[in-house]
Amino acid sequence: MELDVKRVSDREIIIIVSGEGHTLGNMIAKEALQHPHVVFATYRIPHPLQDKMEITIIVDENYSVDKALHEIIGNLKKYLREFKERVEEAL
């Protein structure tokens, strides 16, 4: 996986991810939409023959996009850790 982070403004960030697809993009976008300061979040794969995905997150005026992104990723890591533990317990 390769990342290219492009900040458009203090409120918006676009992350270009190479080597990942819908699974990661959908997971991040859905979690971002649950954040109280995120006003818009989406992902897209610009062209099916290119191995690139764009994730866009926009926050409200009084919040840092960096802080929101760290919180979103932190929440995902926590959920995935809990999921892994429950699967291991079930096995």
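The model is predicted, so local features need pLDDT of at least 70 and side-chain atom pairs count only at pLDDT 80 or more, while totals for chains, interfaces and linings use all residues. Residues are numbered from 1 along each chain as its sequence is written, and side-chain values use heavy atoms, with hydrogens and water left out. The protein chain has two helices and four strands, where helices (H or I, at least four residues) and strands (E, at least two) are DSSP runs numbered from the N terminus. Follow the sequence and you get the pattern β-β-α-β-β-α.

**Overall picture**

- The C-alpha trace of the protein chain spans about 45 × 35 × 15 Å along its principal axes.
- Of the 91 residues in the protein chain, 33% count as buried; buried means under 20% relative accessible area, exposed means over 50%, and partly exposed is in between (1.4 Å probe, protein chains only).
- The protein chain has an accessible surface of about 6,500 Å², and 51% of that belongs to carbon and sulfur atoms. These areas come from the Shrake-Rupley method with a 1.4 Å probe, and for residues only the protein chains shown count as cover.
- Take the contacts in the protein chain between residues at least 6 apart in sequence: 48% of them join residues at least 24 apart. Contact here means heavy atoms within 4.5 Å.

**The opening hairpin**

- β1 (2–7) and β2 (residues 12–18) pair in the antiparallel sense over six bridges; two strands pair if DSSP finds at least two bridges between them.
- Four residues sit between β1 and β2 in this hairpin.
- Across the pairing, Lys6 stands opposite Ile14 in β2.
- Some background on strands: in a regular strand the side chains alternate between the two faces of the sheet.

**The nonpolar core**

- The largest nonpolar core has 20 residues, and Val38, Ile55 and Ile57 are those with the most contacts inside it. Such a core is a set of buried Ala, Val, Leu, Ile, Met, Phe, Trp, Tyr and Cys residues joined through side-chain atoms within 4.5 Å.
- Two or more residues of this core come from each of β2, α1 (22–34), β3 (38–44), β4 (52–59) and α2 (65–90).
- α2 gives the largest share of this core, five residues.
- Setting aside neighbours within four places in sequence, Ile55 is in contact with Ile13, Ile14, Ile15, Val17, Ile28, Thr42 and Tyr43.

**A closer look at Ile13**

- Ile13 belongs to strand β2, and Ile13 counts as buried because its relative accessible area is 2%.
- Ile13 and Ile55 are 42 residues apart in sequence, yet their C-alpha atoms are 8.0 Å apart in space.
- Beyond its neighbours within four places in sequence, Ile13 has contacts that include Val5, Lys6, Arg7, Val65 and Leu69.

**Out on the surface**

- Met1 is found in the segment before β1 and counts as exposed because its relative accessibility is 63%.
- Met1, Leu3 and Val5 make a nonpolar surface patch of about 340 Å². Patches are made of residues with over 30% relative accessible area and no salt bridge: like charges are joined within 9 Å, and nonpolar side chains (Val, Leu, Ile, Met, Phe, Trp, Tyr) within 5 Å.
- Pro36 has its place in the loop between α1 and β3, and with 69% relative accessibility Pro36 counts as exposed.
- The C-alpha atoms of Pro36 and Val59 are separated by 8.9 Å, though the two residues are 23 apart along the chain.

**Salt bridges**

- A salt bridge is a side-chain nitrogen of Lys or Arg within 4 Å of a carboxyl oxygen of Asp or Glu, and the count comes to three.
- Asp4 forms one with Lys6, the closest N and O atoms being 3.9 Å apart. Asp4 is partly exposed at 36% relative accessible area, and Lys6 is partly exposed at 44%.
- Arg44 and Glu54 meet through their side chains at 3.1 Å, N to O. This pair links distant parts of the chain, with Arg44 in strand β3 and Glu54 in strand β4, ten residues apart.
- Lys84 pairs with Glu88, with 3.7 Å between the closest N and O atoms. Both Lys84 and Glu88 lie in helix α2, four residues apart, about one turn of the helix.
- Lys84 counts as exposed at 52% relative accessibility, whereas Glu88 counts as partly exposed at 49%.
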